[in-house]
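Let's take a walk through this protein chain together.

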Amino acid sequence: VSVVNNHGTVLLDSYCRPAERITDFRTALSGIRPADLKAAPAFAKVQKKVGKLLKGRTVVGHALNNDFAVLQLRHPKHAVRDTARYPPLKRRGEDGKLRPRALRELAAEQLGLDGGAASAAESGLDPSKKIGGGSSTTGVAVTRPRKALSSGSVSRSHPSSSATIAG
């Protein structure tokens, strides 16, 4: 779980130990190994820290409903700015309905990032920085490193998304 402020300063960057046993870490996809969680604080402790950091703040990010679901947190709708829900950033599907775009695609278009830089943006990272001693796949996001460590298995996780605390 990682949280940055509107200046990119890291406020929280920590693995968390899920309440349930993980049966498949999917290390090749997630980058997370059993050893990464041995000394990690309990999910409830990290969840409480995130809740305190977000309280009274505006949260900016992409597909934040996934992040809040994984963290089992609620945040006032008026204090959420979600690029996945912002109509000017959506595209029309074949059925004519507006659909959210991948953060990787938005980063490439809006920020001029491509390749690894756009993938890093999807995990919430500045690709030139390493956070908390981790690899460049450690997410700087409201949720978690690269794949969710919710209750149980990484395979039940949501795609990583990026978020910033403003205000």
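Start at strand E3, residues 58-61, which has two faces: Val59 and Gly61 lie on the covered one, while Thr58 and Val60 lie on the uncovered one. In general, side chains in a regular strand alternate between the two faces of the sheet. (Strands, E, of at least two residues and helices, H or I, of at least four are DSSP runs, numbered from the N terminus.)

This is a predicted model, where local features need pLDDT of at least 70, side-chain atom pairs count only at pLDDT 80 or more, and totals for chains, interfaces and linings use all residues. Residues are numbered from 1 along each chain as its sequence is written, and side-chain values use heavy atoms, leaving out hydrogens and water.

Now for E3's partner. E3 and strand E4, residues 80-82, run parallel and are joined by three bridges (strands pair if DSSP finds at least two bridges between them). Across from valine 60 you'll find arginine 81 of E4. To get from E3 to E4, the chain passes through helix H4, residues 64-71, in a right-handed β-α-β crossover: with the strands pointing away from you, the path from the first strand over the helix to the second runs clockwise.

Helix H3, residues 43-54, packs against H4 at about 135°, with the axes 10 Å apart. Phe43, Gln47, Val50 and Leu54 of H3 make the contact with Phe68, Val70 and Leu71 of H4 (contact means heavy atoms within 4.5 Å).

Note on methods. Buried < 20%, exposed > 50% of the residue type's maximum accessible area, 1.4 Å probe, protein only. Axes fitted to C-alpha atoms, helices over the stretch in contact; angles between N-to-C directions.
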